[in-house]
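Subject: Model for your review

Hello,

Please read the notes against the coordinates.

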Amino acid sequence: MAAPGVVYFVGTPIGNLADITQRALDTLRSVDLIACEDTRHSARLLNHYDIRNIPRLSLHEHNEAKRSDELIKKIQAGSSVAVISDAGMPTISDPGQRLLQRLLAHDLPYEIIPGPSAPIAALVGAGLPADHFAFHGFLPPKKGARERELTTALEAAHTSVFFESPHRLLSTLEILARLDPNRLICVARELTKKFEEFHRSHAAQALAHFQDHPPKGEIVLLIAGTKLPKWLHLPDPNPSHPAK
């Protein structure tokens, strides 16, 4: 049960609605208020689990600064609040960081209710070294800035993990194929959903594949580092047939 005056940062499914913990459901059912990145989007999850009688309000990148001050007053008055994003863990390339900083500044209690995370799911499924990796969030929309960030990733010894838009993926793969066509990468798409895909190949192969198969859905892009273990399976850079 939720305690008075506590904020709960709750991990929610990244695609498959079954990927939610009992602790998360118990928390969402017992708080006084649920702060959602998008109340309409979260309604699908909450209604699925018959969580209909808890008031909801929006907490997104455009209103978080102002909304956090409003929430602090409610919390100080004893309200319990759950914070959820559209998918995954709040604050990870999602709203929640500003509110958490306000809680720290006011010495107010909070708890983390762990749950699904797209970067972690993608990292495991990609089969790239996971003992040392860096998550960089969304790649920059401007091509020049994106190329600079990708160049830095190609120079790193560890695995680099990015979010990318399906509308920019081909442009990003063109950059990678030009800079290092034989670099091992993985495009993880539609994680935990019906059409989940881990396309693991060299950069040039990935570009050819997605030129023929326009990408759809949420995408995590992973780039192998310069130092790979000897046991790592590497795909053929010149296959006799296209990668599936």
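An open sheet is formed by five strands in the order 3-2-4-1-5, with parallel pairing. Two strands pair if DSSP finds at least two bridges between them. Helices (H or I, at least four residues) and strands (E, at least two) are DSSP runs, numbered from the N terminus. The model is predicted: local features need pLDDT of at least 70, side-chain atom pairs count only at pLDDT 80 or more, and totals for chains, interfaces and linings use all residues. Residues are numbered from 1 along each chain as its sequence is written, and side-chain values use heavy atoms, with hydrogens and water left out.

Strand 2 (residues 33-36) runs parallel to strand 3 and is joined to it by three bridges. I34 has R56 of strand 3 as its bridge partner.

Two helices pack on this sheet. Helix 2 (residues 39-48) lies across strand 2, strand 3 and strand 4 (81-84), and runs at about 145 degrees to strand 3. Helix 4 (residues 97-105) touches strand 1 (7-10), strand 4 and strand 5, its direction making about 150 degrees with that of strand 1. Contact means heavy atoms within 4.5 Å.

Helix 4 also packs against helix 3 (residues 64-76): the axes come within 9 Å and cross at roughly 40 degrees. The two helices are therefore oblique to each other; angles under 35 degrees count as roughly parallel, over 145 as roughly antiparallel, 65 to 115 as roughly perpendicular and the rest as oblique. The crossing of helix 3 and helix 4 is right-handed, where right-handed means that the near helix is turned clockwise from the far one by less than a right angle, and left-handed that it is turned anticlockwise. Helix 3 contributes E64, A65, S68, D69, L71, I72 and I75 to the contact, and helix 4 contributes Q97, R98, L99, R102 and L103. By class, the residues of this contact are six nonpolar, two polar and four charged. Ala, Val, Leu, Ile, Met, Phe, Trp, Tyr, Cys and Pro count as nonpolar, Asp, Glu, Lys and Arg as charged, and the others, Gly among them, as polar.

T21 lies between strand 1 and helix 1 (22-30). Its relative accessible area is 33%, which makes T21 partly exposed; buried means under 20%, exposed over 50% and partly exposed in between (1.4 Å probe, protein chains only). Apart from its neighbours within four places in sequence, T21 is in contact with I113 and P114. T21 and V220 are 199 residues apart in sequence and 23 Å apart in space, C-alpha to C-alpha.

Strand 10 (residues 219-223) runs antiparallel to strand 7 (residues 159-164), and five bridges join them. V161 has L222 as its bridge partner in strand 10, and S160 has I223. Strand 8 and strand 10 also pair in the antiparallel sense over five bridges, with V187 opposite L221. How much of strand 10 is buried? Five of its five residues are, so strand 10 is largely enclosed by the rest of the structure. Both faces are covered, with I219, L221 and I223 on one side and V220 and L222 on the other.

Regards

Note on methods. Axes fitted to C-alpha atoms, helices over the stretch in contact; angles between N-to-C directions.
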